[in-house]
Amino acid sequence: MQEFYVKSNRKFQMIDITAKVQEIVKKTGVEEGICCVYTPHATAAITVNENADPNVCEDFLDALAKLIPEGIWRHDRIDNNGAAHIKAALIGPSEAIPVRDGRLLLGTWQAVMLVELDGPRERKVIVEVR
Ligand code: ZN
């Protein structure tokens with residue numbers, strides 16, 4: 001099992017971690033299997049989507065903001081980030097990506113992204129390849 005840290009610098013941000021995950025896959029020497037990417041946080045998430053056009057990431061964050069408004073949740077009374085918890089739960093903390101020929105089996109337009117929903121913060125990412 002491997003882990004690394006990602007520093008976000010905005011409240012809402014999508015950070016492409018594909019290269020780092022691919023580097024870990026390569027190091028393991030696994031040619032064919034599955035790569036699990038997981039973030040152990042309640043207000044961050046992992047997703048796979050396009051990063052060729054960075055507008056896709058901005059649109060995704062805008063759509064989340066429209067679906068889940070800020071400041072109206074019970075948990076906001078505790079630490080004012082109820083929306084971030086709901087968004088993180090909907091997106092999910094992990095992705096499982098097939099590995100073939102020692103590479104992540106991603107489509108041309110797919111990238112592995114850490115989704116920051118309550119930044120800026122340092123986030124841990126855990127990667128297991130089998
Ligand atoms: Zn909270």
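Guide: Let us start with R121, which forms a salt bridge with D118, the closest N and O atoms being 2.7 Å apart.

Visitor: Why is the pair of R121 and D118 called a salt bridge?

Guide: The term asks for a side-chain nitrogen of Lys or Arg within 4 Å of a carboxyl oxygen of Asp or Glu. R121 and D118 have N and O atoms 2.7 Å apart, so the pair qualifies. The structure holds 10 salt bridges.

Visitor: What kind of model is this, and how are residues numbered?

Guide: It is a predicted model, in which residues are numbered from 1 along each chain as its sequence is written, and side-chain values use heavy atoms, with hydrogens and water left out. Local features need pLDDT of at least 70, side-chain atom pairs count only at pLDDT 80 or more, and totals for chains, interfaces and linings use all residues.

Visitor: How do you know whether R121 and D118 are buried, partly exposed or exposed?

Guide: Buried means under 20% relative accessible area, exposed means over 50%, and partly exposed lies in between, with a 1.4 Å probe and protein chains only. D118 has 13%, so D118 is buried, whereas R121 has 35% and therefore counts as partly exposed.

Visitor: What do those cut-offs make of E116 and R123?

Guide: These two also form a salt bridge, with the closest N and O atoms 2.7 Å apart. E116 has a relative accessible area of 0%, so E116 is buried; R123 has 1% and is buried too.

Visitor: And which labels go to R130 and E128?

Guide: Their side chains meet in a salt bridge at 2.7 Å, N to O. R130 stands at 66% relative accessibility, so R130 counts as exposed, while E128, at 19%, counts as buried.

Visitor: What makes H75 a donor to the zinc ion?

Guide: Donors are N, O and S atoms within 2.8 Å of the metal (3.2 Å for Na, K and Ca); water is not among the atoms, so sites may look incomplete. H75 coordinates the zinc ion through NE2, alongside D79, N81 and H85, at 2.0 to 2.7 Å. That range falls within the zinc cut-off, so H75 counts as a donor. In sequence the donor residues are spaced H-x3-D-x1-N-x3-H. H75 is partly exposed at 28%, whereas N81 is buried at 4%.

Visitor: How do you know that β1 and β8 pair?

Guide: Strands are DSSP runs of E with at least two residues, and helices are runs of H or I with at least four, numbered from the N terminus. Two strands pair if DSSP finds at least two bridges between them. β1 and β8 have six bridges in the antiparallel sense, so they pair. They sit in an open sheet of five strands, in the order β1-β8-β3-β5-β6.

Visitor: Why is β1 called an edge strand?

Guide: β1 and β6 (103–104) each pair on one side only.

Visitor: What makes a set of residues a nonpolar core?

Guide: Its members are buried Ala, Val, Leu, Ile, Met, Phe, Trp, Tyr and Cys residues joined through side-chain atoms within 4.5 Å. The largest such core has 20 residues, with V21 and F4 among those that touch the most other members. Apart from it lies another core, of 12 residues, among them A84 and A111.
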